[in-house]
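Thanks for coming. I will go through one model today, starting with one chain and ending with the contact between two. Please have the sequence and the structure open.

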Amino acid sequence: MGAPSSHRIDRPVRALLFFLTLAIGAVVGLGLTWMTTMRGYGPTAIRAGAWEAWPKAGTEDADPYARAALARAGELPLELADGIAFVAATDDAGKPLDGRCDIRLSGTVPQARFWTLTATDERGRLIDNAAQRSGFTSPEVVWNRDGTLDVALGPRARPGNWLPTGARGRIVLTLRLYDTSVGLASRTSDAPSMPRLTTERCP
Amino acid sequence: MKRLILPIIAGLVLGGIVHLVGVLLMPYVAEQDAYSRLAAIGEINAVAEIDDPSVEGAVLPASDPAFLSAVCLYDLAEGPVKIQVPPTDDYTSISFYTRHGLPFYAINDRSAGRSLIELDLMTAKQRAAMPEDAEVTAADRLVVESPSVEGVVLIRALVRERDAREQVKARLDLARCNGAS
């Protein structure tokens, strides 16, 4: 045991170290929770090109991270028996989708009874535009003769399938497949082939 | 410096515990979760329309703007709830979630395969208490077992193109959700 004088110094130091422990615990714990529930729905994502989906989040076996992220956002997941949602925030080159640019979505869409394509801003709100169009459904889109699809995204009107992006900065695309067998893929290696996303021209 | 090692290690371990507890509790403590958003617009054991997503956002974030949606917040405490949905010409789906957002059942017009989708929603206990003959006459009705007493039924119908909106809405208006009476 130390001399009485060293005890007087020790007590405040000990209290300080104790509060340091609590502070580290709170910052690390809350920081990790914030980070892991901020973007996406946990670690079970499957990826196909620029697209990401969380099929397990829409089942009874949803993992705690998916449930936490959904509860925090106030969302109800698309049930896997109903459909599956693929989200893209970047093009195939990894560049964030910019609503001021001309972006092309091209290729094939996995087999589904219906699908819908939606453009939103990064907070998930629809984009205001004069054409009153926020997306396409599979029956209303115009297909190429060879069964592939071309959708032009951009602020200026274009012929064909044009999806206005209202000259917003960051945009997010969601492709939802309904009544499809795609959801049975639970690993990235089984992921279906999704349409390509290319940024063609930026002002 | 040496006396800082223990607090840092203890702090990291504590942080890990705080994180795990936070994630596990989130569905139960989130104040702006889907149920409370829906409770602001709907009543218990009745169908309420959900406004379409707009540039201001949506009642439920990340909902598909190509769909018209309605919700029934159910409470099985008084007995089973009967849900009736007339399918539209395109795609109609009914999804079930517990009070805390866990999806447990979904059905669409094609998998139901009939002109009026009729579902009896009940707890496992209520199902076990169903009389034998009721089970037989209920053969053409679909029984859905809810793991929780309270929850959400989301009824959604695809609008294939803008012109079809009113027609789809008229069908969706006929959806019913009734408690035992």
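How many helices and strands does chain B have? Chain B has 6 helices and 9 strands. Helices here are DSSP runs of H or I with at least four residues, strands are runs of E with at least two, and both are numbered from the N terminus.

Some housekeeping before the details. This is a predicted model, in which local features need pLDDT of at least 70, side-chain atom pairs count only at pLDDT 80 or more, and totals for chains, interfaces and linings use all residues. Residues are numbered from 1 along each chain as its sequence is written, while chains are lettered from A and ligands numbered from 1 in the order in which they are written.

On confidence: pLDDT is the predictor's confidence in each residue, from 0 to 100. Chain B has a mean of 90, with 94% of its residues at 70 or more. For the complex, the predictor gives an ipTM of 0.89 and a pTM of 0.89.

Now the overall form of chain B. Its C-alpha trace spans about 75 × 50 × 25 Å along the principal axes. Of the 181 residues, 41% count as buried. Buried means that 20 or more other C-beta atoms lie within 10 Å of the residue's own, exposed means 12 or fewer, and partly exposed is in between, with C-beta atoms placed from the backbone.

Next, the sheets. Chain B has an open sheet of 4 strands in the order 7-6-3-9, with mixed pairing. Strands pair if DSSP finds at least two bridges between them. Strand 7 (142–146) and strand 9 (176–179) of chain B each have a single partner strand, so one side of each is left without a neighbour in the sheet. Strand 3 (residues 81–85) and strand 9 of chain B pair in the antiparallel sense over 4 bridges. Within strand 9, Arg176(B) is the bridge partner of Gln84(B).

Chain A also has an open sheet of 4 strands, order 8-7-4-10, again with mixed pairing. Its edge strands are strand 8 (162–164) and strand 10 (196–201) of chain A. Strand 4 (residues 102–107) of chain A is antiparallel to strand 10, over 5 bridges, and Ile103(A) stands opposite Thr199(A).

Two loop residues deserve a look. Most residues other than glycine have a negative phi. Ala62(B) has a positive phi of about 60 degrees, in the loop between strand 1 (47–50) and strand 2 (67–75) of chain B. Is Ala62(B) buried or exposed? It counts as buried, because it has 21 C-beta neighbours inside 10 Å. Gln132(A) has a phi near 55 degrees, but counts as exposed because it has 9 such neighbours.

Last, the contact between the chains. It takes 49 residues from chain B and 48 residues from chain A, two residues being in contact if their C-beta atoms, placed from the backbone, lie within 7 Å. Helix 1 of chain B gives the largest share of the chain B side, 16 residues. By class, that side has 29 nonpolar, 11 polar and 9 charged residues. Nonpolar covers Ala, Val, Leu, Ile, Met, Phe, Trp, Tyr, Cys and Pro, charged covers Asp, Glu, Lys and Arg, and the others, Gly among them, are polar.
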